Amino acid sequence: MRVPLSLLRSFCDPELSTDEIASVLALSGTEVERITELGVGGVENFVVGNVVELIAHPDADRLRVCTVDVGDGTNRTIVCGAANVAEGQFVAVALPGAVVANGMKIKLSKLRGVKSEGMICSEEELGLGSSSDGILELDPTEGPAGRPLGEVLTLQETVLELEITPNRPDCLGVWGVARELHAATGAALSAAPWDDDLGSVGSLDGLVVDLDAGCGCSRFTARIYEGIDPTVPTPRAIKAHLIAAGMRSVSAVVDITNYAMLVTGEPMHAFDLDRIAGGTLKVRGSNPGEVVEALDGTSYELNDSDVVIADADGPTSIAGVMGGARSEVSDATTRVALEAAVWNGPGIHATSVRLGLRSEASTRFEKGLAPVMAGRAQAFASKLFELIFACAPNPGTIDIGQGEGDSEPIQLDPAKASSLLGIEVEASSAATTLSRLGCVVEQAGPLLHVVPPPERLDLGRAVDLVEEIARIDGLDRIPSTLPPSATGAASLSDAQRIRRRIEDTLAGLGLFEIAGWSFDSPRIADRLLLTESDPRRSAVIIENPMSAEESLLRTTLLGSLLDAAAHNSSHGIKRLGFFEIGSVYIPASSQSAATEPPRIAGLLSGPSRLPTWRDSEPPSADVHSGVGVLAGLLDTLRVDWSVIASESPEPFLHPGRAAEVLVNGLTAGWIGDLHPQISDSVGVESACVFELDLAKIAEAVPAIQHYQAVSGQPAVLQDLAVIVPRAVSSGEVVRIALESGGEVLESVELFDVYASPELGEDVVSIALRLTFRAEDRTLTEEDASAARALIVNQLNLELGATARV
Amino acid sequence: MIDQIEQLRNSAEAAVTACSTVADLEEQRVKWLGRKAELPNLLRGIRELPADQRGPAGQAANQARTSIEALIDSRTSELAAAEMLLNLATDSVDPTLPGDPQPVPGRLHLLTQTRREIEDVFLGLGYAIAEGPEVESVAFNFDALNHHPTHPARSRTDTFYVDSETLLRTHTSPVQIRSMIDQPPPIRVIAPGRVYRRDDDATHTPQFHQIEGLAVDEGLSLADLKGTLLAFAKAIFGSDREIRLRPHFFPFTEPSVEIDVSCFACEGGKSGAGERCNVCRGAGWIEILGAGMVDPNVFAYVGDHQPAYADRDLQGFAFGLGVERIAMLKHSVPDLRLLYTNDLRFLRQFG
Ligand SMILES: [Zn+2]
């Protein structure tokens, strides 16, 4: 909300600088987003002038040469283009050195050959309105000539732009802010502007209002003013405040409604009483498809969740958002029905958002105003009608809905407040603070009985009052203490520790961690070539996504990795290594809406190593590079793992270059080269990708290692080369060797794979290094050879392998 | 016989001295001392000598053999050293060529690095790390946290919904509720994780990361909250930092505050050159998080599910901070989107 500082100071002036006031407000809970200085510059060069002579410009039809008395004994010659300038007029003069509101600096000049020693200003040039048709005429009582113009007009204004938190709609009017300032500084607060209401309660003739229950209107009030002279202008001070607050000056009647809102926080609406068809207003839910032409000239189509104010001819206003064109006041209006109502906040918010129509009224109503504010606005507006039109309200006020009932006192225990804040709260000072905020406070033994002001709907419990005391007395008084630990030592859980280890290991292996979006596109399933029955097609769907492309939650991290690869390859970066650890989201049928298993996924593309002068063309990363990364990761974690060729490869992988990852013999993920169709779409030549289930990995990490005696016996090494059909996987060969070598076989290492025509068609030679060791004796070559023979035999049996000699 | 031995010894020593390579010396060793050489032959002949000559002759032969061996050994090591010098002189490389690259390390994402830094501070203060679902119930995300049924944050313009009772959590605060329902007081817990709001502009992404904190006990006060967050601010932004509390509003805390940390880039809003600091925009303070004392309505909700919270005079504090905001402030990252573009040229700079 934009608060003109001079208006604020007129209610409460702590005699502090602008910055000090902003700081007081910020530290008591009203954030100041911006401080703006409005109006003219070089204010000492603006004076009241008197036009003593007026002659036509010799060389320009529309210009006049004025002789203006500016009170310093020497008349000035000023060339003026305004049609309404006249002899004898008192005017606003900007002398050289003045800077008018649009930033133009006034200098001695010549206009069509005639010297001009200043400017006679329009409203717009003084920052006091939008009228630039002619110059601003001053009243002779505002003279004499030479009087500083700043004494007559508000030439400069400071505006505080405040952010009002949603619990404080009472501060959406300047009066509410003034009370905050009063409470925080102790500076005097003037009487409330709505005190001494000129209006009266009771029935009102000439208007019937019918309020449908359940349409979200907690209070509806109206008064009637008759005999209004539509030519009466808005007083300049009010106009200046409205403009500073960011509103336009329209007409005196409309300006009254806006000014009452600016001061009280309660939006009002003025109907031309003669244009209310049937003299009846009906407040009701709108009918779907109903169209209202609003004050802004636009027609809005409503649905059944909006509320309208209708007359005999149909809806005239979108309740709480904007008045209608049909019944708006005009320059012919002499009879006014002035309405102040309080509407359901979220309903107004929904209507305003859906229609894309935000007004000063809707932004206030959506915060949820207190019913008491409607009565206050009526009372203040009556004073303004009296002031401007010398017009008192007709007897009676329409007042439907919730009244201003008395609220129960809240019991506040200062000891509890002290305990909650960690600082001694004394009953007497708490009472002072709460009184300044408008509460009625009575001391009852050690307790305070507190009745909050009716507009403070946020104050209902003792703890709410404790907050008031804390923020007004100053949070800077709260000491800093560290509470003793009540829960003992804290540490990462096993799962959290393992996750960190995985992150560190993958980074150490050369992969960069990415942060992908949880959102995914519905097209991802087709992009990944998923079959119709693939469970990853079933995703958590967002009802109201930012866009269709972000309308579901990912069921694999692969999409995020592909996005990262596409982004970087489009920037010419060839060597890519990424990983992400994050959740995928699996819709659940029963209790919870989804399960969110964390996954580990990675992508490698481009040269598998940095090229060097020794190795200028390292091979491209492929499934073998990926398996190397997995080995680096899973061996670090001491997980028992292996890969086996996939029987039904993942659809997004190259079918001949895909594998399943097993942990403790059970599937824990997949690895392989991307299907060429997908790598093409990402813009990389090829890439290896993998995804593992973090929980399955974490479960397989042994908790604790116990010491194993280091063997003193020497090992016997033997090599074994076997010829197997090409279709046989080496992993299978190693597994069988390990299983069949007996107790003395310690390890099997594959060190060569070789194919050649001499070996035969469709066969390969796989060379293994076998390490044999016995715990209790020194093995002989013969012992080792016997074990090796068992292996050869078993490989032959299971795979048809033959040993090369 | 002794003369013969002496002669052999002289010839052998002359031949050894004349050798110029290690290989020649090996030849000489075989020639003079090998199985078929003269000296061993002579030794074998000593057995045929009369008894009184055997002693002196044997002694002389042994002395001759030892002496020749010693000479060959010493010449061998001399020549070997010389040969090695020669070899080393010809075996040279350009050591200024680039070294063999070790695997180039990757990096943790800046968000992970920042999350861990914050986690570690609170682990040190005795807070366990809790996790909760991102697809959350409306009840835990809003109702339990004292959001009025018509609170605007519930609107479909602000929050992603999966169905009328399920949403993408808008903050990590529901983990407060889950933690309390899971365990009786006292509690010290933080909850890091992803959260979602329907915002997308220069300073908002629809997905971001928060860390929620919760402490519940008897007698915990706003002063304890202040002390805890002061310790946090000093640990993350430097030991000279101060914090200040500003009143604010959150539905689930009362009183509610925002926490500012004194700017780490300037003195009172002015940089070294006297210009307005662009980190704190001249304010001298930077807003870093929201916090407050747990609202009694939150305890009341929890009490309906976990009797350990019902009808007890519990006091607690909670706080919530944005990981992105802390990361961007601390590492001068100008644009939130950089954190989610996953550009290697960005990723390489952190972690
Ligand atoms: Zn700064």
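1. B:Asn342 sits in the loop between helix H11 (338–341) and helix H12 (344–347) of chain B. Helices here are DSSP runs of H or I with at least four residues, strands are runs of E with at least two, and both are numbered from the N terminus. B:Asn342 is not a glycine, yet its phi is positive, about 60°. The residue is buried, with a relative accessible area of 4%; buried means under 20% relative accessible area, exposed over 50%, and partly exposed in between (1.4 Å probe, protein chains only).

2. This is a predicted model, in which local features need pLDDT of at least 70 and side-chain atom pairs count only at pLDDT 80 or more, while totals for chains, interfaces and linings use all residues. Residues are numbered from 1 along each chain as its sequence is written, chains are lettered from A and ligands numbered from 1 in the order in which they are written, and side-chain values use heavy atoms, with hydrogens and water left out.

3. B:Asn146 is another non-glycine residue with a positive phi, here about 65°. Its place is the loop between helix H6 (138–143) and strand E3 (161–163) of chain B. B:Asn146 is partly exposed, at a relative accessible area of 24%.

4. Two cis peptide bonds deserve a look. In chain A, one joins A:Gly143 and A:Pro144, with omega about 5°; A:Pro144 belongs to the loop between strand E10 (137–138) and strand E11 (156–163) of chain A. In chain B, the bond from B:Pro185 to B:Pro186 is cis, with omega near 0°, and B:Pro186 lies in the loop between helix H7 (174–182) and strand E5 (187–196) of chain B.

5. The zinc ion has as protein donors the SG atoms of B:Cys263, B:Cys266, B:Cys277 and B:Cys280, at 2.2 to 2.3 Å. Donors are N, O and S atoms within 2.8 Å of the metal (3.2 Å for Na, K and Ca); water is not among the atoms, so sites may look incomplete. The angles among the 4 donor atoms run from 104 to 117°, and the site is tetrahedral (four donors, all angles between 85 and 135 degrees).

6. Along the sequence the zinc donors follow the spacing C-x2-C-x10-C-x2-C. B:Cys263 and B:Cys280 both lie in the loop between strand E8 (253–262) and strand E9 (285–294) of chain B, so the pair ties together parts that are 17 residues apart in sequence. B:Cys263 is buried at 3% relative accessible area, and B:Cys280 is buried at 6%.

7. How many residues of chain A are in contact with chain B? The number is 84, against 87 residues of chain B, where contact means heavy atoms within 4.5 Å. The two chains bury about 7,200 Å² between them, 57% of it on carbon and sulfur atoms; buried area is the accessible area (1.4 Å probe) that two parts lose on being put together, summed over both. In chain A, A:Phe512, A:Trp517 and A:Asn544 lose the most area to chain B, together 9% of what that side buries.

8. Across the interface of chain A and chain B there are 10 salt bridges, each a side-chain nitrogen of Lys or Arg within 4 Å of a carboxyl oxygen of Asp or Glu. B:Arg156 and A:Glu543 form a salt bridge at 3.0 Å, N to O. Elements of chain A that each supply at least two residues of the side touching chain B include helix H2 (18–27), helix H12 (494–508) and strand E29 (576–583). The largest share of that side, 7 residues, comes from H12(A).

Methods:
Four donors count as tetrahedral if all angles lie between 85 and 135 degrees; four count as square planar and six as octahedral if opposite donors are over 155 degrees apart and all others between 65 and 115; anything else is irregular.
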